[in-house]
Amino acid sequence: MDMDTYDLMIVGAGPAGMTAALYAQRMGLNVVVFGDIAGGSTYMIEQLNNFPGFMNGIPGTQFGLQTFQQAQQEGAFFTMTRLESISYASGRFTGADVDGKSIVTPSVIAATGRTPKMLAVPKATLKGVHFCSICDGPLYRNKHAHLVVIGSDNAAGQHAIALSRVADKVLLVCRSEQLLMDDVYQKQIASKQNIDVLSGVEVLAYEGLDMIEGIMVRSLEGAEKRLTVDGVFLAVGWQPNTGMLDLAAETTTDGYLKTDDKLMTSFPGLFAAGDVRNTDMCQVLTACADGARAAKHVADFLSSSR
Ligand SMILES: Cc1cc2nc3c(=O)[nH]c(=O)nc-3n(C[C@H](O)[C@H](O)[C@H](O)COP(=O)(O)OP(=O)(O)OC[C@H]3O[C@@H](n4cnc5c(N)ncnc54)[C@H](O)[C@@H]3O)c2cc1C
């Protein structure tokens, strides 16, 4: 087994992890980053319009790639593999990846983000059920598709707007009676001829053999209806990616890592940044800010413990 030693192990190569890597390297730390996708979830953002400094927005993929290159340029080492486990013994964290590569560090930043939830319905994993409209929406181009978006928040709004460009019809289905997304999305949805909203309904089941062909919904009054669909795009919540952490760090009831005002978890030396922690805002900007702050506090932690 290969064995390398670094000052800081960062898990996750999204905005939080890459910004932490950039800052930590510039503070003189030797950083290794485990991450499967350079840019993390930013590849799902068609156009990042709310990051200061980009007047006309920037494609999420481009933002992710540039941030990755910037951290690499500062000297951070990216394994481009997923970390399988982290354990702790004698003042050191040991991280192991799928290829048997093992890294030992005195500090860790968990920047692993969160994963979209599936619906707990029969046939939940049929083909044609998607999470990312930017990635999978183009599959339906020129197919005269009828697509359903399930959810009512900003992510649902973004899905519906993106899919309205490739589908004949988009139906936004949500349990709440009102859409819970920003006005800017509500206005765009209202202005699109091919987006309809069906609110106050619960999805009961998906239908189809291998591919999704329909969904069953029930209104608050109890009326059930079958909708014919070619694809479903989900925006129904998230769960934090903490499965690889074999450490007794405190979490919220939903499993998000709790941090103090220095972004350290209850496990000394383990810090958390971005969407995986109990943050009140899951955005690129806030993830980057977390990454920068976590790097600073890791540097202070290492100085005080040496
Ligand atoms: C469709 C969509 C649209 C969005 N639009 C916007 C927007 O317009 N503006 C905005 O500011 N934000 C937007 N967001 C939110 C934004 O993408 C996130 O808040 C941000 O990416 C969080 O950064 P992060 O670094 O905390 O996590 P992530 O970007 O999720 O990165 C975490 C990475 O860690 C990886 N990982 C997990 N476990 C492991 C492991 N064991 N080993 C290695 N790697 C691991 C994950 O696979 C992931 O790649 C959007 C999100 C989505 C899904």
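My entries follow in the order I looked things up.

Ground rules. I'm working with a predicted model, where local features need pLDDT of at least 70, side-chain atom pairs count only at pLDDT 80 or more, and totals for chains, interfaces and linings use all residues. Residues are numbered from 1 along each chain as its sequence is written.

Entry: strand β12. I started at residues 169–174, where 5 of the 6 residues are buried (20 or more other C-beta atoms within 10 Å of a residue's own, with C-beta atoms placed from the backbone). Helices (H or I, at least four residues) and strands (E, at least two) are DSSP runs, numbered from the N terminus.

Entry: one neighbour. I found β11 (residues 146–150) parallel to β12, joined by 5 bridges; strands pair if DSSP finds at least two bridges between them. Valine 148 has leucine 171 of β12 as its bridge partner. From β11 the chain goes through helix α4 (residues 154–163) to β12, a right-handed β-α-β crossover (clockwise from the first strand over the helix to the second, with the strands pointing away from the viewer).

Entry: another neighbour. β12 also pairs with β13 (residues 195–199), parallel, over 5 bridges. I noted that cysteine 174 is partnered by serine 199 in β13. With helix α5 (residues 183–191) between them in the unit's listing, β12 and β13 make a right-handed β-α-β unit.

Entry: the ligand. I looked up its shell and got 34 residues, the closest being Gly12, Gly14, Gly40, Gly113 and Gly274 (a residue is near if its C-beta atom, placed from the backbone, lies within 6 Å). Helices α1 (15–26), α4 and α6 (284–305) each supply at least two shell residues.

Terms used: A residue is buried if 20 or more other C-beta atoms lie within 10 Å of its own, exposed if 12 or fewer, and partly exposed in between; C-beta atoms are placed from the backbone.
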